[in-house]
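Let's take a walk through this model, from its cores out to a few individual residues. Have the structure open as you read.

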Amino acid sequence: MYWGQSLIHELKGKQKVSTGISPSGPIHLGNLREILTGDIIYKSLLMDGKESEFIYLADDIDPLRKVYPFLPESYKEHVGKPLRDIPAPSGDGTYSEFYLNPFLKALKSLDVKPQVIKTGELYRDGKFGEIIEKVIEKKDEIRKILETISGRELEPEWFPYNPKCSVCGRINSTTVTGYSDTKVSYSCKCGSNGESDIYHDDGKLPWRIEWPAKWKILKVTIEPFGKDHGTVGGSYDTGKEIVEKIFEYPAPLPLIYERILLKGKGAMHSSTGVNIPAQEILSFAPPEIVRYIMARVPATRHIEFDPALGFLSTMDEFERLMKMEQEKNTTEEQHWIATLSKAGRPYETVPDYRHLTTLVQIYSSEERIGEILRSEGKDQDPDILKETIDMARIWVHNYAPEASKFSLKNTDDPVSINEDERKMLCDFNSKLGTLDSWEPEKIHECARESIGNSGMQPADGFKVIYRVLIGNERGPRLGFFLSVIPRERVLARFKTICGD
């Protein structure tokens, strides 16, 4: 049984899946695991015939915690202010929108369509008001829960609400001095005093209380979250106790997901700079592949993402799966993975990506590439073709290993080969010249026969062919590679070595 199916198949009644991320920096592939895991569970519920909703919470009222490596030092003055109140690095709009909007655009291309809720607006509209009243009323019980489960003692002046200073705008520099009639009095490190109205966005709950408050307010039943929240004594453990004992609402079904590791660099995290922003991923990866990367691996296992050759291998794996799906030759688990990997468009309209990484290194013309694909019986949607060509070019330029990059040698470029190698090449050239059709399988068979006739090891023979054609000892799959180059161009190259 598919992992998403096994999680939800026994659930009864309407379900609400919730995910959320603080837009504190570039939202990257690691962040995408949370919302795609949520989307996979949501769509698994629908596939299983269950009524379901899917929400995404943008925690835009969270404070900026520090000057991250990607920010200028001038942002020091904004540390402690809600993200929605800070200017964007571009100077246009707010900090939270600057990082949130590209993420929402990425979600659209991934066919992820949650209801987007901004936490700051929940506070602004008074949705937290009654909850905050109860939190303040039960503050001693909540303190005991937090200290007992987390194992750490809270400060004597701790209060379960953080007012926002009306003068400096910070949410982490105030100390509560009193509470009366929905107003929290405070003093701030900036020297000012004031009051915050709990029915407005004049402050916020601490995270370990705010999270279970959202479950209650929004009627959440399922929530995926990272392993840092799921440790013993972590924020899920305290949240579960608070929501059930204080708010009298059942804790949502938890799904702890593992991290995504960037090969050779470690876990992705915005604050460390070890990440690939979601928009960058989608600049070279078709959305189906991003979904597949998440869908194929149970959320409880980590994913190591290799944007270089590992990415092409994943593409090949997915294309094999989709071919099996089209032929109705998948297992039930494979069918669920294939279905949940789709991105709202017919996958048969997406060109063979590996093939394109070869074509874009030979031809600059999109029209010529389209002609080649059509000659191979692959009639493509022109918009999707252009998009995928652009992706393949970006991958080649930014992520392909040097050994995978090439350019065709001119027909008269010199090459260093010995006599045995020359004879093998001439035999290969002769066979190519007599082929009745210029097809990958026939070309590859000619190479295999000529190398075999020469007595060379296959690997050594192919190295010679690649060296003559592109100056490297490795290259794209030979048959497909040569089949997209005009036969006359290939024969002309070998003619400089073999003569007439």
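First, some ground rules. This is a predicted model, so local features need pLDDT of at least 70 and side-chain atom pairs count only at pLDDT 80 or more, while totals for chains, interfaces and linings use all residues. Residues are numbered from 1 along each chain as its sequence is written, and side-chain values use heavy atoms, with hydrogens and water left out.

Start with the cores. A nonpolar core here is a set of buried Ala, Val, Leu, Ile, Met, Phe, Trp, Tyr and Cys residues joined through side-chain atoms within 4.5 Å; buried means under 20% relative accessible area, exposed over 50%, and partly exposed in between, with a 1.4 Å probe and protein chains only. The largest nonpolar core has 101 residues, and among those with the most contacts inside it are Leu 32, Phe 305, Phe 428 and Leu 482. Helix H2 (residues 29-47) gives this core its largest share, eight residues. Helices (H or I, at least four residues) and strands (E, at least two) are DSSP runs, numbered from the N terminus. There's also a second, separate core of 36 residues, which includes Phe 159, Trp 215, Tyr 236 and Tyr 249.

Who does the touching? H10 brings Glu 288, Arg 291, Tyr 292 and Ala 295, and H12 brings Ile 337, Leu 340 and Ser 341, where contact means heavy atoms within 4.5 Å.

Next, pick out Thr 19 in strand S1 (residues 15-21). Thr 19 counts as buried, at 1% relative accessibility. Leaving aside residues up to four places away in sequence, Thr 19 touches several others, including Glu 34, Ile 35, Phe 54, Tyr 56, Glu 223 and Pro 224.

Most residues other than glycine have a negative phi. Asp 111, however, has a positive phi, near 60°; it sits in the loop between helix H3 (95-109) and strand S3 (115-118), and Asp 111 is buried at a relative accessible area of 17%. Thr 182 also has a positive phi, near 65°. You'll find Thr 182 in the loop between strands S5 (174-180) and S6 (183-188), buried with a relative accessible area of 16%.
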